[in-house]
Amino acid sequence: MAPRTIKVDALVVGGGIAGMQSALDLADQGYQVALVEKQPSIGGKMIELSKVFPTLDCCSCITTPKMSAVAHNSNIQLFTYCDIQSVDKQGDGRFVAQVIQKPRYVDIETCTACRQCEYACPIDLPHPFDQNLGVHRAIYVPFSTAVPQKALIDIDNCILCGKCERVCPVGCVDFTQQPEELAIEATAIVLATGFEITPTDAKAEYGGGKLLNVVNALTVERLLAPTGPYGHVLRPSDGKEPDSIAYIQCAGSRDKSLGVEYCSRICCMYAIKQSMLISGALPLADIAIYYMDIRTFGKGYDQFYQTAKAMGVQFIKGKVAKITEDENQNPIVRVELIDEGSQVVERQHDMVVLSVGMVSKYDPRTIYDVNVAGDGFVDTPLTNVSPCVTSRPGVFVSGSAAGPMDIVDSIVMAGAAAAEAAAYIQATGPNGHGGGRSIAAGEEKELAHA
Ligand SMILES: Cc1cc2nc3c(=O)[nH]c(=O)nc-3n(C[C@H](O)[C@H](O)[C@H](O)COP(=O)(O)OP(=O)(O)OC[C@H]3O[C@@H](n4cnc5c(N)ncnc54)[C@H](O)[C@@H]3O)c2cc1C
């Protein structure tokens with residue numbers, strides 16, 4: 001059977017904050033947009049965060065309305081749980097992307113996310129959204145504010161007991177669902193595939209991921225989030241409230257041994273943010289941040305750093321060489337104290353947080369034929385005046401797919417990528433002849449009246 005064909009002006013790949021913003025900016029100018037996300041929900045990393053620096057606004061409260069705006073914009077067609085297999089150029093100069101939408105084994109037209117299926121399902125699985133600290137069922141809604149708010153089945157771990165099917169009040173469980181092939185035609189493409197964190201087990205000197213009370217900063221975001229797994233900051237080994245917490249800066253950046261030589265730009269700020277939030281959650285806890293330099297480059301960021309110091313967070317200049325643990329699984333940090341005559345000391349903490357960096361996990365070269373820079377992120381040639389123009393005409397990059405950046409910069413770049421894509425669509429048009437954007441549904445009538 002021929003794949004279902006969707007014709008749009010722009011294809012946005014990735015539904016994190018950058019992809020959502022690019023899609024909304026294009027859609028608000030009247031362009032038809034297809035937003036394709038590989039996960040079952042849009043939201044990206046931002047929806048996992050607790051609060052944002054430097055305002056300490058609730059992350060979910062900012063991200064959820066954006067997710068909703070994407071879902072309800074009549075110029076945006078949202079395709080989640082999809083893999084883009086190939087992208088070719090047609091004779092008219094437009095791109096055509098072959099996409100596979102994976103089966104959710106739940107009919108998303110009828111599912112109301114009532115969660116009766118979740119309550120009936122007997123299988124518990126580690127929940128990646130909560131950094132595996134909590135669990136989800138084999139049939140589950142991805143998280144409480146997921147968009148689309150629909151269930152799916154992890155078929156690899158389902159025992160096919162049929163309990164979900166029996167309790168579903170609208171009969172939407174469908175074990176016979178097959179992958180669906182889609183062909184998306186678009187004049188321009190915006191790549192917003194984001195980043196991954198440096199793996200926690202990457203550095204053998206820091207325990208190689210084996211020390212239970214050495215966690216990464218994304219885990220702490222979930223511990224601090226109101227929707228988090230415990231609703232409280234507890235250390236993983238024994239569920240104890242930690243009295244002494246240490247942050248290790250540059251635990252996945254500026255480190256040749258990891259192949260990540262660049263600064264990830266966000267880690268100083270998120271460590272400062274988390275230390276302030278922990279001070280609120282655990283007022284008696286001692287918090288130390290071991291650092292090489294503190295980089296607080298953005299608007300209001302340095303004041304944020306000064307506030308953390310005034311709140312009693314200890315900033316200790318020294319690169320941590322090694323982390324081990326004692327018999328009670330308390331991490332022991334070996335560090336050279338630069339400001340104290342470079343003496344090497346060992347200090348015990350209840351929990352250690354690795355300030356992991358941002359790395360690129362997605363290589364777009366085969367599918368999109370764009371160049372990738374030495375750091376693994378999408379290359380934006382320096383000869384270009386725009387930071388979102390890639391090596392391939394018609395393909396633009398948005399947000400952290402181009403390199404480490406925070407939310408503010410991702411949003412700024414998303415707007416710029418949308419503007420570049422709009423200019424390209426105007427110049428080449430839906431038929432490749434300068435025809436501009438396609439006419440939105442319902443707009444024909446308005447134009448006829450004008
Ligand atoms: C611990 C931590 C704390 C942070 N705290 C803050 C903070 O307080 N303030 C701040 O400004 N910044 C913070 N950040 C940075 C912030 O998370 C990023 O700036 C932001 O998430 C970048 O958004 P993005 O859309 O570019 O990428 P992402 O959030 O990574 O989104 C990319 C999306 O693309 C999808 N995708 C990837 N590959 C494909 C593909 N091939 N096909 C389809 N879809 C794909 C992904 O599933 C994802 O949904 C923090 C980061 C970390 C790690």
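# Close-up views of the predicted model

**View 1. Strand E21 (residues 331–337) runs antiparallel to E22, and 6 bridges join the two.** The model is predicted: local features need pLDDT of at least 70, side-chain atom pairs count only at pLDDT 80 or more, and totals for chains, interfaces and linings use all residues. Residues are numbered from 1 along each chain as its sequence is written. Strands (E, at least two residues) and helices (H or I, at least four) are DSSP runs, numbered from the N terminus. Two strands pair if DSSP finds at least two bridges between them. Here Leu337 sits opposite Gln343 of E22. The open sheet has 3 strands, ordered E20-E21-E22, with antiparallel pairing. Axes are lines fitted to C-alpha atoms, for helices over the stretch in contact; angles run from 0 to 180 degrees between N-to-C directions.

**View 2. A parallel open sheet holds 5 strands in the order E16-E23-E17-E18-E19.** Strand E16 (214–216) and strand E19 (314–317) are the edges; each pairs on one side only. The twist from one strand to the next averages 25 degrees. Strand E17 (residues 244–248) and strand E18 (residues 286–291) run parallel and share 5 bridges. Ala246 faces Ala288 of E18. Ile287 also belongs to strand E18. Is Ile287 buried or exposed? Ile287 counts as buried, because it has 24 C-beta neighbours inside 10 Å. The rule: a residue is buried if 20 or more other C-beta atoms lie within 10 Å of its own, exposed if 12 or fewer, and partly exposed in between, with C-beta atoms placed from the backbone. Ile287 and Ser244 are 43 residues apart along the chain, and their C-alpha atoms are separated by 6.0 Å.

**View 3. The shell around the ligand has 37 residues.** Which come nearest? Gly14, Gly16, Gly44, Gly194 and Gly399 do. A residue is near a molecule or strand if its C-beta atom, placed from the backbone, lies within 6 Å of it. Helix H1 (17–28), helix H5 (217–224), helix H6 (267–281) and helix H9 (407–428) each give two or more residues to the shell. By type, the shell divides into 20 nonpolar, 11 polar and 6 charged residues. Ala, Val, Leu, Ile, Met, Phe, Trp, Tyr, Cys and Pro count as nonpolar; Asp, Glu, Lys and Arg as charged; the others, Gly among them, as polar. Domain 1 (4–102 + 179–195 + 360–428) and domain 2 (198–357) each supply at least three shell residues. Domain bounds come from an automatic or database domain assignment.

**View 4. The largest nonpolar core has 129 residues.** Ala10, Leu11, Val33, Val190, Tyr290 and Ala421 touch the most other members. The largest share of this core, 10 residues, comes from H9. Where does this core lie? Domain 1 and domain 2 both give residues to the core, so it lies between them. A nonpolar core is a set of buried Ala, Val, Leu, Ile, Met, Phe, Trp, Tyr and Cys residues joined through C-beta atoms within 7 Å. In soluble globular proteins, nonpolar side chains tend to be buried together.

**View 5. Strand E7 (residues 82–89) and strand E8 (residues 95–101) run antiparallel, joined by 7 bridges.** Asp88 has Val96 of E8 as its bridge partner. The hairpin of E7 and E8 has 5 residues between the strands, and Gly93 there takes a positive phi near 85 degrees.

View 6. Most residues other than glycine have a negative phi, and most peptide bonds are trans. Pro54 is in the loop between strand E4 (51–52) and strand E5 (57–58). Pro148 is in the loop between strand E11 (139–140) and strand E12 (152–153). Asn132 lies in the loop between strand E9 (124–126) and strand E10 (135–137). With 14 other C-beta atoms within 10 Å, Asn132 is partly exposed. Cys250 sits in the loop between E17 and H6. Cys250 counts as buried, with 23 C-beta neighbours inside 10 Å.
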